[in-house]
Amino acid sequence: MANLTIRNIPDSILEQIKTLSTLDRRSMNGEILVLLEQAVRSYQDNSGRFGNQIVSPETQVEIWRRLSGTWEDDRSTEEIVDDIYSGRTVGRDVDL
């Protein structure tokens with residue numbers, strides 16, 4: 001097997017790979033190999049059957065669980081809710 005050196009990996013990408021390797025209980029090298037295999041498979045299969053999804057649904061759920069509760073905002077709950085409502089669009093008329 002060949003060896004490969006990758007330089008100038010952005011810190012954000014490296015952190016994401018570290019997180020995935022921890023969640024999937026793989027070494028960094030193992031996780032990178034899985035990601036490369038999935039990316040190549042995704043690129044070759046243009047049928048869209050799998051939606052080119054690289055991160056499994058289980059991994060996505062775990063990432064969201066870890067992120068939940070970590071959001072910080074200086075606004076009050078009322079201000080946040082008002083901001084959400086003001087950002088909504090009216091929508092379209094529907095005949096049922």
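**Salt bridges, pair by pair**

Author: Let us begin with Arg75 and Asp73, which form a salt bridge whose closest N and O atoms are 2.7 Å apart. The term salt bridge stands for a side-chain nitrogen of Lys or Arg within 4 Å of a carboxyl oxygen of Asp or Glu. The model is a predicted one, where local features need pLDDT of at least 70 and side-chain atom pairs count only at pLDDT 80 or more, while totals for chains, interfaces and linings use all residues. Residues are numbered from 1 along each chain as its sequence is written, and side-chain values use heavy atoms, with hydrogens and water left out.

How open are these two partners? Arg75 is partly exposed, at a relative accessible area of 34%, and Asp73 is partly exposed too, at 30%. Here, buried means under 20% relative accessible area, exposed means over 50%, and partly exposed lies in between, using a 1.4 Å probe and protein chains only.

Counted by the salt-bridge rule, there are six salt bridges. Now for a group of three: Asp24, Arg26 and Glu31 are joined in a network of salt bridges. On one side, Asp24 pairs with Arg26, with 3.1 Å between the closest N and O atoms. On the other, Arg26 meets the side chain of Glu31 at 3.0 Å, N to O.

Asp24 is partly exposed, with a relative accessible area of 27%, and Arg26 is partly exposed, with 35%. Glu31, by contrast, is buried, with a relative accessible area of 2%.

What surrounds Glu31? Leaving aside residues up to four places away in sequence, Glu31 touches Ile17, Leu20, Ser21, Asp24 and Arg26, where contact means heavy atoms within 4.5 Å. Both of its network partners, Asp24 and Arg26, are in that list.

Glu31 itself is found in helix α2, which covers residues 28-44. Helices (H or I, at least four residues) and strands (E, at least two) are DSSP runs, numbered from the N terminus.

Stepping back to the whole protein, it has four helices and zero strands, in the pattern α-α-α-α along the sequence. Buried residues make up 9% of its 96 residues, and Glu31 is one of the buried residues.
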